[in-house]
Amino acid sequence: MGRTAAATRVRRSAAGSAGLAKKALSIRPRFSQGADARPRAGQIDHGVRGRTRGGHEGSVHWLATLLKGRPRQRSDLQWQMRKSAPHELWLIIVDASASTRRHQALSQAKGLLAQVFDQAYRSRARLALLTACGTEPRWQRHGLKASRALQPWLDALGAGGGTPLLAALAQANHWLQQRQRRHAQEQQRCLVLTDGRIKEWSALAPLGCPSVLVDIERGPIRLGRAQQLARELQADYQHIDALRIL
């Protein structure tokens, strides 16, 4: 009976991790519905820039048109649909300081990260990964395509040292600003995992892209500082214990 109950809890936890990972990364920039609205991506159909079709939008796809014979009227023209949607970048900031050892907080966060990495791989998104532990934050990945190679790094991730989370947030903000100048069309999202156990800090600047902060503080006594961090970063707030009821 005990083994059955334990197996049920494991299945629920796995399902919860997938659900929260999906929610955490489902936030997208809001676009206007008027003249400046972002066009929808076309379906690829024998071309590297999208599907061609008859119509009155975009530019004329002359090669596809001429392959069908000499055009005699406007309806004979084939039109090149607009380019596909820009690439996505997922910036992930992981607090792996010593305090995250408590009550298996980091272990549960690693389960969520495994789901996030899998979704990034399936979505062909680029990942930027920054860890906050020890004496200073460290970049693990700089906007490279997600791959299965991240799993060994995740397995080896451990908690220890101080909490350079504020330095990590400042670095991430600066890096995002630079990247936005170089890749203006890129869609960016940010996921922060932290227990919020920082003694004090000055006002924080928002990260400049849709963001989610997942609070991994666990145990009977909680300081609840991650909620304040989320407010200052203008990030949506989630607690990792929500996995139990998803």
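How many salt bridges does the count come to? The count comes to six salt bridges, a salt bridge being a side-chain nitrogen of Lys or Arg within 4 Å of a carboxyl oxygen of Asp or Glu. The model is predicted, so local features need pLDDT of at least 70 and side-chain atom pairs count only at pLDDT 80 or more, while totals for chains, interfaces and linings use all residues. Residues are numbered from 1 along each chain as its sequence is written, and side-chain values use heavy atoms, with hydrogens and water left out.

| Pair | N to O distance |
|---|---|
| Arg 122 and Asp 118 | 2.8 Å |
| Glu 186 and Arg 179 | 2.7 Å |
| Glu 217 and Arg 197 | 3.1 Å |

Accessibility is described as buried (under 20% relative accessible area), exposed (over 50%) or partly exposed (in between), with a 1.4 Å probe and protein chains only. Arg 122 is exposed at 60%, and Asp 118 is partly exposed at 22%. Both residues belong to helix H3, four residues apart; helices are DSSP runs of H or I with at least four residues, numbered from the N terminus. Helix H3 covers residues 105–123, and Arg 124, which follows H3, has a positive phi near 60 degrees.

In the second pair, Glu 186 is buried at 14% and Arg 179 is buried at 7%.

Glu 217 is buried as well, at 2% relative accessibility. A network of salt bridges with shared partners joins Arg 218, Arg 222 and Asp 241.

Terms used
Helices (H or I, at least four residues) and strands (E, at least two) are DSSP runs, numbered from the N terminus. The expected span of a helix is 1.5 Å times one less than its number of residues.
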